Amino acid sequence: MSPVEIIIGILVILVSLFIVAVVLLQQGHRAGINGAISGGADTFLSKNKARTADASLSRLTKYVAILFFVLAIVANIIALRG
C-alpha cells in the first residue's frame with residue numbers, strides 16, 4: 001500500500017464517522033399530533049427554517065456526503081491503478 005492509499009483510507013473513515021455524527025445530531029421529522037394541532041408548516045418558526053441549526057446540519061450533511069462519495073471514487077481509482 002502506498003502512502004496515498006493510506007491517507008485516502010483514513011480520510012474516508014473520518015468523513016464517514018463525521019456523517020454519522022451529523023445525522024445523529026439532526027432532529028427527527030415527525031408529523032404527529034403536535035404538527036396537526038399547531039398547523040404544521042404554517043407556523044411562525046417554520047418560516048425561518050433556513051437559519052436554524054437543523055437546516056445548517058442538513059446542508060452540512062449534503063456536502064459531507066458528496067465529499068465521501070468523491071473520496072470513495074478516488075480511492076477506487078487509485079487502488080485500480082496500483
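Is Ile 13 buried or exposed, and what is its relative accessible area? Ile 13 is exposed, with a relative accessible area of 52%. Exposed means over 50% relative accessible area, buried under 20%, and partly exposed in between (1.4 Å probe, protein chains only).

The model is predicted: local features need pLDDT of at least 70, side-chain atom pairs count only at pLDDT 80 or more, and totals for chains, interfaces and linings use all residues. Residues are numbered from 1 along each chain as its sequence is written, and side-chain values use heavy atoms, with hydrogens and water left out.

**View 1. Overall fold.** The protein has three helices and zero strands. From the N terminus, the order is α-α-α. Helices (H or I, at least four residues) and strands (E, at least two) are DSSP runs, numbered from the N terminus. Of the 82 residues, 13% count as buried. Take contacts between residues at least 6 apart in sequence: 91% of them join residues at least 24 apart. Contact means heavy atoms within 4.5 Å.

View 2. The patch covers about 840 Å². Its residues are Met 1, Ile 6, Ile 7, Ile 10, Leu 11, Ile 13, Leu 14 and Leu 17. Patch residues have over 30% relative accessible area and no salt bridge; like charges are joined within 9 Å, nonpolar side chains (Val, Leu, Ile, Met, Phe, Trp, Tyr) within 5 Å. A salt bridge puts a side-chain nitrogen of Lys or Arg within 4 Å of a carboxyl oxygen of Asp or Glu. Areas come from the Shrake-Rupley method with a 1.4 Å probe; for residues, only the protein chains shown count as cover.

**View 3. Ile 13 and Ile 6 in helix H1.** Ile 13 sits in helix H1 (residues 3–25). Ile 6 is also found in H1. Ile 6 is partly exposed, at 42% relative accessible area. Its C-alpha atom is separated by 9.4 Å from that of Ala 75, 69 residues away along the chain.

**View 4. The largest nonpolar core.** Six residues form this core: Ile 8, Val 12, Val 15, Ile 19, Val 64 and Leu 71. H1 and helix H3 (53–81) each supply at least two of its residues. H1 gives the largest share, four residues. A nonpolar core is a set of buried Ala, Val, Leu, Ile, Met, Phe, Trp, Tyr and Cys residues joined through side-chain atoms within 4.5 Å. Beyond its neighbours within four places in sequence, Leu 71 contacts Ile 8, Leu 11, Val 12 and Val 15.

**View 5. Thr 61 in helix H3.** Thr 61 lies in H3. It counts as buried, at 17% relative accessibility. Leaving aside neighbours within four places in sequence, Thr 61 contacts Val 22, Val 23 and Gln 26.
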